[in-house]
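Student: Can we go through this one together? I'd like to start with the ligands and then look at some helix packing.

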Amino acid sequence: MDLMEAQQERMSKEKSETLERSDENTSSINSQMSPGDRIRMSSLNVYYGNSHVLKDLNLTIEDRKITVIMGPSGCGKSTLIRTLNRMNDTVHAFKLTGEIALDGINIYSKEVNPTLLKLRVGMVFQKPNPFPISIYDNVAFGPKIHKLSKNRAEMDEIVMQALKQAALWEEVKDRLKANALSLSGGQQQRLCIARALAVRPEILLLDEPASALDPGSTAKVQELMVELKKDLTLVLVTHNMQQAATVANKVAFLYNGSLVEVGQSPDIFENPQKKVTEDYISGRLT
Amino acid sequence: MQTATVESEKSRKRSGNLRRRQLVDRIATVAIFGAVILAIVPLVLILADIVIKAAPVMSFGFLTNLPKASPFSPDQGISNAIIGSFVMVGFASLIAIPIGVGAGIFLSEWAEMRFAWVASFTNDVLAEFPSIVIGIFVFVIIVLATHSFSGYAGGFALAVIMIPIVARTTEESLKLVPNSYREASMALGVSRWRTITRIVLSTGRGGLVTGVLLAVARVMGETAPLLLTALGSTLAFRTLSQPTESLSLLIYFYGTSAYKTWQAQAWGAALVLVVIVLALNISVRALTRGKFITGGD
Ligand SMILES: Nc1ncnc2c1ncn2[C@@H]1O[C@H](COP(=O)(O)OP(=O)(O)OP(=O)(O)O)[C@@H](O)[C@H]1O
Ligand SMILES: Nc1ncnc2c1ncn2[C@@H]1O[C@H](COP(=O)(O)OP(=O)(O)OP(=O)(O)O)[C@@H](O)[C@H]1O
Ligand SMILES: [Mg+2]
Ligand SMILES: [Mg+2]
């Protein structure tokens, strides 16, 4: 338990360091933010070369809530969440205008260190991407680099906790030394969730984390998300309407790179305001 | 009626196509096997020829004795050439492996930079440079400047040849590491440099080691650049600051001499050189097949 406290302390220290460095632009943006907001996107435009992928988005992500991004394939969901922790920085011809503020600080400003940002804003990718090393080492990789444990026993504990949270522990506890690539698709997906949780991010971005999971594991991952919501802010991309309806607080519907509709969870499914949203929900969108 | 005729026509055509494709497939397979045999035959012939011609001089003493001034003295050997080759290649590796691997990492991991494109192009040109030109270059900047042929100059020339090879193979093996591994690591708040050292290098190290060993094998046999730099020597190896013998130089001088005994020794040295290069190549094979390549730590 004191381990958790130590991590919390480290996090808040890093956070305040990032904050201190940009006091000037903090105040101006802060005034526009309501207290419950963690992330605010304003007039966000994203381009890959000449193609305009995200168009003038304005959206807020609330603290310790689950925000679900929905929309047809290719509408820009992955692009959107990848811009939230600057995962797109290294993508060729990526260009962004507008602003994304995390706790009032523009994450694309010079003051923000992209590496520290990713430690705070973790991510689970659309395609499972475990390292070609053992299951144990996959989960321990982040904690080892960030020195989250003092000894082997603590590391074992972190790894076990993360695997349990991701509902994978029972399946792999006897083969932690096995290569992660020998896991099934669904197991790899949960391993990636465990790996992201092990470094204890404040915000977790999940890009279709249950796309290859059976109903049982999907249910477990959903329970996990609701559980995580107590300490974490979650952004979830999913095509699964039922999953969205179950876990979401806020739902944002993206179509062709534009934000069509944003609403609270049951409302948007029961009473969509826009025709495209209704068509998408009822499966009539082609 | 009509549709039925069209259908059967179609299926006849299709099966005709299939038979033709199977025939083409078989011919291609035979042709490829033939090409492989043709490629292997010269290698086997050369190897057999070397072994037969080297056999008379091969002995333990041949490997440990020094050359003699007279071609007719007993107990001649090539020990100085063996040591000289290893020391010069070792010196070249000390320079070329860190620079080559570093350059390869840059070319692969910072490929989006315009400078990387220029560097990559330059590297390709350098890799294709005739080795004698590199020999002349080193002759001018080191041998003339120090007023002395030396093992250092030889080793330096070999290093210049090795760097682009190591850089190219490092670049290529690191580019094979899936980008999703880099993204996974970066997403855990791991810096780019640590991602490279912990994930990219350890995943790509198989290809990297292969490239380094192949570069070593390649310069082991280099002759032309050493003629202008290391010069060769009949004395025991003492220091790299003096003219230094190598296996390739010894083969060149003995092979072109007028004496049967020295010509026979050239064949002996050739066998030693071939065995060293083959051993390097075989260890590459062994390493790329073993756990070393795919396994994590
Ligand atoms: N690296 C890239 N370079 C160029 N275009 C890209 C790149 N990544 C995505 N795109 C394009 O941007 C658009 C949005 O892609 P994105 O991956 O964000 O879609 P998505 O909503 O996540 O779709 P899906 O549900 O299929 O995952 C697509 O048209 C895609 O082709
Ligand atoms: N190459 C491998 N080496 C060792 N074990 C493996 C390998 N591939 C799969 N397994 C194991 O075999 C079992 C079945 O794997 P498989 O990939 O067939 O599952 P699956 O039914 O397709 O699951 P999913 O729905 O998650 O894709 C799993 O326990 C998995 O860990
Ligand atoms: Mg996507
Ligand atoms: Mg499967």
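Tutor: A polar side-chain atom of Arg175(A) lies 2.9 Å from an oxygen atom of ligand 2; a polar contact here is a pair of N or O atoms within 3.5 Å. This is a predicted model, where local features need pLDDT of at least 70, side-chain atom pairs count only at pLDDT 80 or more, and totals for chains, interfaces and linings use all residues. Residues are numbered from 1 along each chain as its sequence is written, chains are lettered from A and ligands numbered from 1 in the order written, and side-chain values use heavy atoms, without hydrogens and water.

Student: Which residues surround ligand 2?

Tutor: Arg175(A), Ser182(A), Leu183(A), Ser184(A), Gly185(A), Gly186(A) and Gln187(A), each with a heavy atom within 4 Å of the ligand.

Student: What is 3.0 Å from the nitrogen atom of ligand 2?

Tutor: A polar backbone atom of Ser182(A).

Student: OK, ligand 1. How many residues surround it?

Tutor: 13, and the closest are Ser73(A), Lys77(A), Ser78(A), Thr79(A) and Gln126(A).

Student: Which backbone N or O atom lies 2.9 Å from an oxygen of ligand 1?

Tutor: One belonging to Gly76(A). A polar backbone atom of Cys75(A) is 3.3 Å from an oxygen atom of ligand 1. From the side chain of His239(A), an N or O atom is 3.0 Å from a ligand 1 oxygen.

Student: Switching to helices. At what angle do H6 and H8 of chain A cross?

Tutor: Roughly 130°, with the axes of H6 (residues 152–165) and H8 (residues 185–198) coming within 8 Å. Helices are DSSP runs of H or I, at least four residues, numbered from the N terminus. Axes are lines fitted to C-alpha atoms over the stretch in contact, and angles run from 0 to 180 degrees between N-to-C directions.

Student: Which residues meet there?

Tutor: Ile158(A), Ala162(A), Leu163(A) and Gln165(A) in H6(A) meet Leu191(A), Ala194(A), Leu197(A) and Ala198(A) in H8(A), where contact means heavy atoms within 4.5 Å.

Technical notes
Helix = DSSP H or I, 4+ residues; strand = E, 2+ residues; numbered from the N terminus. Polar contact = N/O pair within 3.5 Å; in protein donor to acceptor, adjacent residues only side chain to side chain.
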